Amino acid sequence: MPARLRNSRAASTWTSIRRRGASVFASAAAVRVNRAIGDAVRGKPDISAAAALPKDLREWAGTVNSALGPFATGKDLENLSALDLGMMAQRDGASMCRQGLGTLMAKLGASLTVALSTPVTRISWSGRDAQLETASGTVTAKAVIVTASTNALLSGKMKFTPELPKRQQDAMNKLSLGSYDHIALELPGNPLGLAKDDVMIEQSNDKRTGMLLANLGGSSLCQVDVAGSFGAELSARGEAEMRAFAIEWLTKLFGADIAGTVKRSRATRWNDVPYVLGAMSAASVGGQPMHRVLMEPLGCMFFAGDAVHETQAGTVGGAWESGERAADAALRRLGVLKSLPSDTPARPPRARTPREAASSSPPEQRGGLNWPSRN
Ligand SMILES: Cc1cc2nc3c(=O)[nH]c(=O)nc-3n(C[C@H](O)[C@H](O)[C@H](O)COP(=O)(O)OP(=O)(O)OC[C@H]3O[C@@H](n4cnc5c(N)ncnc54)[C@H](O)[C@@H]3O)c2cc1C
């Protein structure tokens, strides 16, 4: 059965689950789950987010798992740090861009000089300056900001001389990417009968499930998202199987007539994109402090990206803010910014402590975990 999400900036994804006759239970479950995650991380060693959940969520257990795990972070709750999930409750609320987030990013960066399709194969970073090797030649720089994803860095396509310290390599392993893909279907005439940008998830205990974003920006495009371990398995089988799953899933939820209304389709397969190799970064058990490890400069080299943020990990906003912090730190190294001591970030992270995160305003009253959904 589909469960509709009506999100506002003030509600987390799954606190907004509505289903006739069940919304009261869902809301109560949401409060209990937020509290349980807070209790699990308060002053105790980190555990998996799955282990932190209440055990009596009954028919909502699968829905809570999907909404908090794969559809919010790209990872199953079993592979996710409860502490990191608790910190993510501070994520900014979701907002939609009709032209697509990529278009917005390209516009924001339009004035920058960018060399596309020029992979860096090696960074030599031990000297005063760094050398970046590419097939088009070597670039020498006084400061380098590395924004490749943790999975791309772990793949070894970009080598480092000297090798990255174990501390940084361990941090990247703990902050690996999850899996998240869109299967876009053209459904002219709104056969699902949903509103613009309506978000629906299924009430199901099966990991073989999706999340629907209907009528994107008022168009006839509908998007079935697949994520976590199921999403990774499905995307590995290729685009035809992804389309088949999306149609089968919509047919189960909305009736057999839907299959005949689907026109064109297209699916992303981010795990196979060689310089990305996954979706957003999220910490495995014990990995929450590693966001800060990646904020440490290594000589003239700085890291940025969605793994390098203590509360907004796995989001464009987190990646952007981490880039601004790294740019400030690099400018300070170059002597352009002088106001702060050189070994501290120019914009110190304003993360709350785990205790604050768990015990101040209730997580369900913050924007938390809701970027895939509509405002
Ligand atoms: C399907 C999907 C939907 C998502 N939806 C949302 C959403 O709605 N909202 C949201 O906030 N987040 C969303 N995310 C997460 C968001 O896309 C990421 O958090 C964000 O892209 C991370 O940005 P980044 O700059 O850290 O890394 P990336 O986007 O991975 O950028 C790193 C860049 O480095 C380049 N690179 C890698 N290796 C090299 C090399 N050797 N040489 C040169 N360049 C290299 C890559 O080509 C890439 O362009 C989504 C992710 C996915 C997969």
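The views below show a predicted model.

**View 1. Alanine 195 in a loop of the predicted model.** Alanine 195 sits in the loop that joins S8 and strand S9 (198–202). Because 13 other C-beta atoms lie within 10 Å, alanine 195 is partly exposed. Leucine 216 is 21 residues away from alanine 195 in sequence, and the C-alpha atoms of the two are 9.3 Å apart in space.

**View 2. Residues around the ligand.** By residue class, the shell is made up of 16 nonpolar, 8 polar and 3 charged residues.

**View 3. The largest nonpolar core.** This core has 80 residues. Those with the most contacts inside the core are Ile37, Ala49, Val64, Ala82, Leu212, Val224 and Ala246. Helix H1 (residues 23–41) supplies the largest share of the core, 6 residues. The core lies between domain 1 (1–90 + 364–375) and domain 2 (101–176 + 280–351), because both domains give residues to it.

**View 4. Contacts of isoleucine 37.** Isoleucine 37 is among the residues with the most contacts inside the largest nonpolar core. With neighbours within four places in sequence left aside, isoleucine 37 is in contact with Ala49, Ala52, Ala82, Leu85 and Gly86.

Technical notes. Residues numbered from 1 in each chain as written. Predicted model: local features only at pLDDT ≥ 70, side-chain atom pairs only at ≥ 80, totals over all residues. Near = placed C-beta within 6 Å. Nonpolar A, V, L, I, M, F, W, Y, C, P; charged D, E, K, R; others polar. Core = buried A, V, L, I, M, F, W, Y, C linked by C-beta atoms within 7 Å. Buried ≥ 20, exposed ≤ 12 C-beta atoms within 10 Å, placed from the backbone. Helix = DSSP H or I, 4+ residues; strand = E, 2+ residues; numbered from the N terminus. Domains from an automatic or database assignment. Contact = placed C-beta atoms within 7 Å.
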